[in-house]
Amino acid sequence: MQETTLSNYVQTLYGSEDDVLRAMRAEAEENGLPAIQVPFELGRLLQVLVMQSRARRILEIGTLFGYSTVLLARALQPEGRITTLELAPKHAELANSSFRRAGVEERVEIVVGPAVESLNLLAGQTFDFVFIDADKASYPAYLEHALRLTHAGATIVADNVWRDGAVISPAAGNADNEGLSEFNRNVASNPRLLTAVIPTRDGRDGTSVSVVLR
Ligand code: SAH
Ligand code: DHB
Ligand code: MG
């Protein structure tokens with residue numbers, strides 16, 4: 001699925017997916033799921049962030065077939081756990097198959113349903129690391145939940161924050177681009193967050209990485 005030259009270069013040099021991840025992608029493709037999982041090298045960044053922060057509790061919003069979930073789960077401390085939220089039962093079913101294939105099923109809990117509803121049920125729990133990667137119009141709401149469910153020192157990562165430049169002046173009525181544009185403004189202006197943004201997909205999109213300061 002890696003379509004870009006620099007992506008190929010990075011994966012050839014620093015390492016790429018193993019047979020488990022490759023089989024997960026094949027199964028997802030056979031079942032007609034879109035190939036919109038994180039590029040492997042972005043998954044590797046997620047792993048580095050989880051390992052260096054020694055995260056034990058991860059929250060992921062948007063599972064698809066579990067590609068990023070498996071990479072995150074592999075980076076967890078031995079006793080670590082990940083909760084991942086997915087709307088589509090078909091996606092969740094494939095994700096559960098992925099988790100068994102990868103041998104991480106004990107570390108992963110998938111909650112099926114609209115993420116905002118699932119997030120309301122997580123009140124009282126605390127996470128060290130949040131990965132936001134579901135429906136784009138809801139990113140501002142997901143940020144509020146992420147801030148509520150984390151502590152000082154926690155990491156909040158969001159995928160697809162540039163959308164091929166569409167966030168600069170989003171067309172009125174495009175809820176996805178407007179959602180990301182608002183999300184970026186909220187992240188940037190929140191005094192509780194310090195944020196860096198890195199280009200992904202050869203600069204066509206970006207991923208933001210924020211540390212919760214207080
Ligand atoms: N993080 C995954 C990719 C997620 S793709 C990876 O990198 O491997 C986005 C997913 O969000 C899709 O599976 C989609 O079904 C799900 N989604 C869309 N709207 C949602 C909602 N309201 N609540 C929860 N999940 C949602
Ligand atoms: C697309 C890519 C993503 O990373 C995502 O989370 C959702 C959609 C896309 O290319 O359409
Ligand atoms: Mg994404």
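Me: What makes helix 7 and helix 8 a crossing pair, and at what angle do their axes cross?

Reply: In this predicted model, the axes of helix 7 (residues 139-148) and helix 8 (residues 175-189) come within 8 Å and cross at roughly 35°. Axes are lines fitted to C-alpha atoms, for helices over the stretch in contact, and angles run from 0 to 180 degrees between N-to-C directions. Helices (H or I, at least four residues) and strands (E, at least two) are DSSP runs, numbered from the N terminus.

Me: Which residues of helix 7 and helix 8 make the contact?

Reply: Tyr 139, Pro 140 and Leu 143 of helix 7 meet Gly 179, Leu 180, Glu 182, Phe 183, Asn 186 and Val 187 of helix 8; contact means heavy atoms within 4.5 Å. By class there are six nonpolar, two polar and one charged residues. Gly counts as polar and Glu as charged under the definition used.

Me: How do you know that Lys 136 makes a polar contact with ligand 2?

Reply: A polar contact is a pair of N or O atoms within 3.5 Å. An N or O atom in the side chain of Lys 136 is 2.9 Å from an oxygen atom of ligand 2, so the pair meets the definition. Polar side-chain atoms of Asp 159 and Arg 201 each lie 3.2 Å from an oxygen atom of ligand 2. The protein covers 60% of the 290 Å² of accessible area that ligand 2 has on its own, by the Shrake-Rupley method with a 1.4 Å probe.

Me: Why are strand 6 and strand 7 called paired?

Reply: Pairing requires that DSSP find at least two bridges between two strands. Strand 6 (residues 193-200) and strand 7 (residues 205-212) have eight, in the antiparallel sense, so the term applies. Val 197 has Ser 208 of strand 7 as its bridge partner. Four residues lie between the strands of this hairpin, where Arg 201 takes a positive phi near 50°.

Me: Which conventions apply throughout?

Reply: Residues are numbered from 1 along each chain as its sequence is written, and chains are lettered from A and ligands numbered from 1 in the order in which they are written. In this predicted model local features need pLDDT of at least 70, side-chain atom pairs count only at pLDDT 80 or more, and totals for chains, interfaces and linings use all residues, while side-chain values use heavy atoms, with hydrogens and water left out.

Note on methods. Polar contact = N/O pair within 3.5 Å; in protein donor to acceptor, adjacent residues only side chain to side chain.
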